[in-house]
Amino acid sequence: MVPLIKEVILLGAAGSMGRRYQAIFRHLKVPVLSYDARWGPYDAEPVIRTALARQGHGGVGVVVATPTQTHVDLIERYARAGLPILCEKPVATRAALVHAL
């Protein structure tokens, strides 16, 4: 069972969809940790460590709102860490990549 999400890590926060998700979570009063490659180099590992450390405070979910070509890699990394993920569509550019997930 997926725990109730009390905090969100938003990847791609500066993009069009990222900004929409930020507004939704703000309206729902859900805290958001925002990341975007436009703000500097992005490394998933520190973000994953932060998410796992915060899991003790309640459910942490990940929203992937980055460019489509980055989705599969990010989904794989966060799924391996056991975090619930919501990915903006399309998940991948090719059906084979989706099936591989």
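P31 touches K6, E7 and V8, leaving aside residues up to four places away in sequence. This contact belongs to a predicted model, in which an open sheet of four strands has the order β2-β1-β3-β4 with parallel pairing.

**The loop between α1 and β2**

- P31 is located in the loop that runs between α1 (16-28) and β2 (32-35).
- P31 is partly exposed, because its relative accessible area of 42% falls between the limits of 20% for buried and 50% for exposed.
- In sequence P31 and K6 are 25 residues apart, while in space their C-alpha atoms are 7.2 Å apart.
- K29 is also found in the loop between α1 and β2.
- K29 counts as exposed, because its relative accessibility is 74% and the limit is over 50%.
- The phi of K29 is positive, at about 60 degrees, although K29 is not a glycine. Most residues other than glycine have a negative phi.

**The sheet**

- In the open sheet, with its order β2-β1-β3-β4, the strands pair in parallel.
- β2 and β4 (85-87) stand at the edges and have a single partner strand each, so one side of each is left without a neighbour in the sheet.
- On average, neighbouring strands of this sheet are turned by 20 degrees against each other, direction ignored.
- α1 packs on the sheet and touches β1, β2, β3 and β4. The direction of α1 makes about 165 degrees with that of β1.
- β1 and β2 run parallel and are joined by four bridges. L10 has S34, in β2, as its bridge partner.
- A right-handed β-α-β unit is made by β1, α1 and β2.
- β3 and β4 also run parallel, and three bridges join them. Opposite V63 stands L86 in β4.

**The nonpolar cores**

- The largest nonpolar core has 12 residues, including I9, L11, V47, I48, V62, L74, Y78 and L83.
- Two or more residues of this core come from each of β1 (5-11), α2 (44-54), β3 (59-64) and α3 (71-80).
- The element that gives the most to this core is α2, with four residues.
- Another core, of eight residues, lies apart from it; among them are V8, L10, A13 and V30.
- I48 is in contact with R77, Y78 and A81, leaving aside its neighbours within four places in sequence. I48 and Y78 both belong to the largest nonpolar core.

**Helix α3 and the residue after it**

- H71, V72, L74, I75 and Y78 are the buried residues of α3.
- These residues lie on the same side of α3, because they cover an arc of only 165 degrees around the axis.
- The cover over the buried residues of α3 includes β1, α2, β3, β4 and α4 (95-100).
- Just after α3, G82 takes a positive phi of about 80 degrees.

**The loop between β4 and α4**

- P90 has its place in the loop between β4 and α4.
- K89 and P90 are joined by a cis peptide bond, with omega about -10 degrees. Most peptide bonds are trans.

Methods. Residues numbered from 1 in each chain as written. Predicted model: local features only at pLDDT ≥ 70, side-chain atom pairs only at ≥ 80, totals over all residues. Heavy atoms only, no water. Buried < 20%, exposed > 50% of the residue type's maximum accessible area, 1.4 Å probe, protein only. Contact = heavy atoms within 4.5 Å. Core = buried A, V, L, I, M, F, W, Y, C linked by side-chain atoms within 4.5 Å. Pairing = 2+ DSSP bridges. Axes fitted to C-alpha atoms, helices over the stretch in contact; angles between N-to-C directions. Arc of directions from axis to C-beta. Right-handed = clockwise from strand over helix to strand, strands pointing away.
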